Structure formats: C-alpha cells, structure tokens
Amino acid sequence: MMSSISPSIELIGSVRSESEVLFGDLRLAVRANQWTCLLGASGIGKSTILRLIAGLPTHVKLDGSIKSNDHLPISNRVSYMAQNDLLIPWATVSANVSLGNKLRGEKFSPEKKLKIIEKVGLMDHKKKYPFQLSGGQRQRAALARTLMENTPIVLLDEPFGSLDSNTREEMIDLTFESLKGKTVLFVTHDPHEAARLCESIYILGRQKTTSNRSLKPPFPKTYSDKLVFDLQYSLLEKIKSNRS
Amino acid sequence: MKAIIYIVCTFLSIFFFWELAVRLANPPPYILPTPYSVLVAFKENSQLIYEHSIVTIVEVLIGLTIGIILGMITALTLEIFVTARLILRPLLIFSQSIPVFAIAPLLTLWLGYGILSKVVMAILIIYFPVTSAFHDGLSQTPKRYLDLAKTMRGTNRRNLLYLKIPHSIPSLCSGIKLASVYAPIGAVIGEWVGSSQGLGYLMILANGRVKTDLMFASLFTLGILSITLFGLISYLLQISLSKYLKA
C-alpha cells in the first residue's frame with residue numbers, strides 16, 4: 001500500500017519546448033497538507049507543470065528535478081482532476097468513481113465507494129450516466145473519483161472553471177473540505193480562488209515566476225472576506241505585469 | 001413510421017412510372033418486363049427463389065460472422081503490437097487495391113463450386129471495412145482518457161479492455177453495418193463466377209435463358225434480403241450496445 005502521509009514536492013529547473021523557453025528559472029515548493037496555487041494567464045503553461053509532476057507526456061523538457069521530501073517516486077501517488085471532468089461516457093457515476101480500481105485490477109470496498117458518493121451528494125444519481133448529469137454534478141462525480149483514488153498528492157487543473165457561480169461555491173467548499181491533509185497543487189487563472197484557498201501562491205510569468213504573499217490560515221476564506229479582495233486585486237495586477 | 005410510409009410511396013411511384021414507361025415505349029419483354037410480370041414471375045417461381053435464397057443467406061451469414069471475427073482480431077492485433085502495425089497495415093492497404101472481383105475465379109479454382117468459395121468471397125469483401133473501422137476507433141481513444149488512466153496506473157491490458165474497446169464500439173458498429181451490406185455482394189459475385197445454387201446463380205441462369213422477369217424477381221429478392229439483414233443487424237447492435245452508442 002502506498003504511503004498515506006502527504007509529502008511536500010519541490011520542482012527546480014528550467015522548462016523549455018523546442019522553440020522557446022517557457023520558464024527560465026522555476027522554483028516551486030509544494031508543501032504538505034495545504035493548497036499551493038499556480039496562478040497565471042491562460043496559455044502560459046500552468047497545465048504543463050502539472051503534467052510534468054504527474055509524469056504525463058508533454059511537449060516540453062525539464063532541465064532540473066522534481067523531488068519529494070520522502071525521496072519516493074511522485075507520479076505513482078498522484079490523482080488528477082481537470083476542468084473537463086474526464087468522466088467515461090459509457091459508465092455510470094458509480095462505475096466512474098471506481099474506474100481507477102478497475103484499471104489497476106484491485107478489489108475495493110463497495111461501502112467505501114458508497115460513502116464517498118454520499119459525501120459528494122450523488123446518492124440519487126449513482127446509476128446515471130454522465131450525459132444525464134448537470135455540470136456541477138459531473139464535477140462532483142469527478143471529485144468522488146479523486147477521493148476514491150485517495151492519493152496523498154492531488155493535482156487540480158482549474159476544476160471549478162466551467163461551473164456557474166452558485167455551483168462553484170458549493171464545489172469549492174466540498175473539494176477543500178474533502179481534500180484535507182493532502183498535498184494539493186491547484187492551477188487557476190482566477191486570483192479570487194487563489195486568495196481564498198491557497199497558503200502558497202506562485203505567479204507564473206515568462207520572465208520570472210514569483211512566490212507571492214498569501215493570507216494566514218485558516219482556509220478556506222469566505223467569499224466576502226475583505227482580505228481576499230485586497231489580495232485578489234494585487235494578484236491581478238501582478239499577473240498582468242508578468243504577462244507582458 | 002413516417003420513414004416507412006415515405007419509402008413505400010417512393011417504391012410505388014417508381015413501379016408506377018416503370019409500368020407507364022414500358023407501356024408507352026413497348027420494348028420486348030426480354031429487354032424490360034413490366035413490374036407486374038416480374039411479380040407474376042416471382043409468384044410462379046417462388047419455390048425456386050426460396051431454395052436459392054436459403055443458400056445465399058447461409059453463405060452471407062457464415063461469411064459475415066467469420067469476417068467480423070477476423071476483422072476484430074486483426075484490429076486488436078494492430079492496436080496491441082506496434083510491429084504488427086508496421087508489417088500488416090501496408091499489406092492490408094495493398095490487398096484493398098486488388099478488386100475482389102478479380103480474385104473470384106481464383107477462389108472458385110482453389111475452393112471449388114460449393115459454398116466455401118462464396119463464404120471466403122464474402123469474408124474477403126468485409127474483412128477490411130471491419131478491421132479499419134474497429135482499429136480507427138481503438139487508436140482514436142481520446143488522449144485525455146489515456147492520461148487519466150496513466151495517473152491511475154492502469155495496465156495496458158485493462159486500458160484496452162475498459163477504455164479503448166468501449167470507446168471504439170460506435171466505430172465497430174458502423175463497420176459491422178457496412179459489412180452487412182457488403183457481404184451479400186461478395187457472396188453473389190462468388191455465385192456468378194461458378195456455382196450451381198444461390199441467387200447469383202439464379203440470376204445468371206435466368207439471364208442466359210432470356211427470362212428477364214425471373215432475373216428481376218431474383219434481383220429484388222436479393223435487395224430485400226440485404227435490406228432486412230442490414231435493418232436486423234442495426235437493430236440488434238442498437239439494443240445490445242445502447243450504452244456505448246448514445247453518449
């Protein structure tokens with residue numbers, strides 16, 4: 001069984017594609033038991049960094065290293081949740097939740113699965129197919145699948161990006177609450193989400209990547225927290241200046 | 001239901017204009033018989049047509065079954081083994097550049113006048129569409145699913161079983177439907193070239209004896225059988241695989 005203690009991860013190096021340097025001198029410290037945010041304009045290569053950490057094929061080369069503090073491999077204890085929920089269209093919600101177990105050919109406890117489905121509030125929908133669900137319900141199913149994987153490291157690639165604002169609020173609370181104790185790397189272009197959820201914030205830019213001030217725990221901050229708005233504003237300014 | 005009414009009306013009007021044309025132009029009946037005389041020929045020879053139809057149906061069903069199975073096995077082999085892909089794909093495409101019609105006499109020479117040469121003919125004609133459709137579906141499984149499977153540490157075999165094969169079912173179904181239309185063509189070509197039974201044989205026979213009305217009757221029988229086969233197979237695929245097809 002994999003270690004269930006969340007590690008911290010450090011990425012140091014430069015990232016380049018065939019034609020250009022994406023990030024010249026990147027230093028990311030993703031700490032255990034908290035959310036770390038990668039903030040940056042669309043198309044800057046945020047998802048590419050997630051793919052590097054997840055050990056997925058990319059179009060870039062990393063000169064440097066990705067290490068965990070426990071010196072164990074990283075890519076085999078990562079789960080991944082994207083803006084596109086990646087639900088398998090021909091499988092029910094229930095079957096989608098245990099997809100990982102099925103692909104690994106391992107037994108799992110049906111009670112545990114039901115508990116997770118209940119936690120994300122999809123008990124009444126567990127026999128439905130993805131196309132019968134709303135956007136919010138689909139994202140809940142994707143969250144349930146991530147929870148079922150129960151890996152110590154979770155990579156989130158704009159998982160709230162396609163949701164309407166009410167659904168998004170619910171999803172943010174539910175996701176944050178249910179991923180407690182894990183090492184979470186959260187990619188977003190929304191400074192508001194970053195300010196509310198993340199204890200470490202990095203602003204990615206072509207020239208330089210900067211570690212930014214973040215708010216003090218506890219997290220998550222409420223929607224209307226005044227401090228969130230102040231930080232959000234300054235983050236937005238920095239994203240803009242980093243882009244040019 | 002509406003579609004059926006349209007089809008029936010279309011055919012009725014075709015028959016009407018055909019009858020009209022024959023009556024106006026008045027060609028000799030061995031050139032173009034009237035729809036009515038075709039109907040009469042069908043009724044008079046119904047036993048004969050029935051017996052020959054059974055032969056063709058058997059050839060088509062055996063050929064279809066074996067051809068689909070062989071096509072699926074080939075597609076899976078192409079997907080699993082990179083070397084097989086490199087060797088087999090050019091070979092498959094080359095084999096498609098030879099018209100099956102040209103091989104028919106050879107098959108008769110090698111396999112005789114019996115049912116076997118026709119079954120092989122049907123297999124040859126449907127093998128490539130099935131292989132190609134199924135392999136397209138397998139190899140076009142969205143990368144995002146395979147990436148997800150990778151983070152889940154799925155094995156290649158299970159990825160194939162639980163992601164690639166289910167994803168390719170719609171393309172496989174189009175391949176099978178296409179095959180159900182092609183298989184009768186294969187069987188009939190085989191019968192033309194050399195046989196003593198089957199609808200293809202009956203057509204050649206009727207043609208040789210200037211029984212054009214019987215020729216038409218056999219032709220329509222073949223058409224109706226083909227359409228029925230296509231409809232039946234489409235329906236069976238639809239009800240048995242609906243969860244893979246609707247999404």
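Chain B is divided into domain 1, residues 1–27, and domain 2, residues 45–245. The C-alpha centres of these two domains of chain B lie 31 Å apart. Keep in mind as you explore that this is a predicted model.

**Where the chains meet**
- Chain A brings 20 residues to the contact, and chain B brings 18 residues.
- On chain B, the helices α7 (143–151), α8 (156–193) and α11 (242–245) each supply at least two residues of the side that touches chain A.
- Which helix gives the most to that side of chain B? The answer is α7(B), with seven residues.
- Sorted by class, the side of chain B that touches chain A has eight nonpolar, six charged and four polar residues.

**The nonpolar cores**
- The largest nonpolar core has 69 residues, and the members that touch the most others are A:Cys37, A:Leu39, A:Ile53, A:Ala144, A:Leu155 and A:Phe186.
- Helix α5 of chain A (residues 135–149) provides the largest share of this core, six residues.
- Look at A:Ala144 for an example: leaving aside neighbours within four places in sequence, A:Ala144 is in contact with A:Val97, A:Ile116, A:Ile117, A:Val120 and A:Leu122.
- There is also a second, separate core of 48 residues, which includes B:Val100, B:Ala122, B:Leu199 and B:Met215.

- Helix α6 of chain A (residues 165–178) has 14 residues, and its first and last C-alpha atoms are 20 Å apart, close to the 20 Å expected at 1.5 Å a residue.
- Within α6(A), the residues A:Arg168, A:Met171 and A:Thr175 are buried.
- Seen down the axis of α6(A), the buried residues fall within an arc of 65 degrees, so they line one face of the helix.
- Those buried residues of α6(A) pack against α5 of chain A.
- Turn to the other side of α6(A) and you will find A:Asn166 and A:Glu177, which are exposed.

**A glycine to find in chain B**
- B:Gly186 sits in helix α8 of chain B.
- Is B:Gly186 buried or exposed? B:Gly186 is buried, because 28 other C-beta atoms lie within 10 Å, and 20 or more count as buried.
- Not counting residues up to four places away in sequence, B:Gly186 touches B:Gly63, B:Val100, B:Met121, B:Ala122, B:Leu124, B:Ile125 and B:Ile126.
- B:Ile204 is 18 residues from B:Gly186 along the chain, and their C-alpha atoms are separated by 15 Å.

Methods:
Residues numbered from 1 in each chain as written. Chains lettered and ligands numbered in written order. Predicted model: local features only at pLDDT ≥ 70, side-chain atom pairs only at ≥ 80, totals over all residues. Contact = placed C-beta atoms within 7 Å. Helix = DSSP H or I, 4+ residues; strand = E, 2+ residues; numbered from the N terminus. Nonpolar A, V, L, I, M, F, W, Y, C, P; charged D, E, K, R; others polar. Core = buried A, V, L, I, M, F, W, Y, C linked by C-beta atoms within 7 Å. Buried ≥ 20, exposed ≤ 12 C-beta atoms within 10 Å, placed from the backbone. Expected span 1.5 Å × (residues − 1). Arc of directions from axis to C-beta. Domains from an automatic or database assignment.
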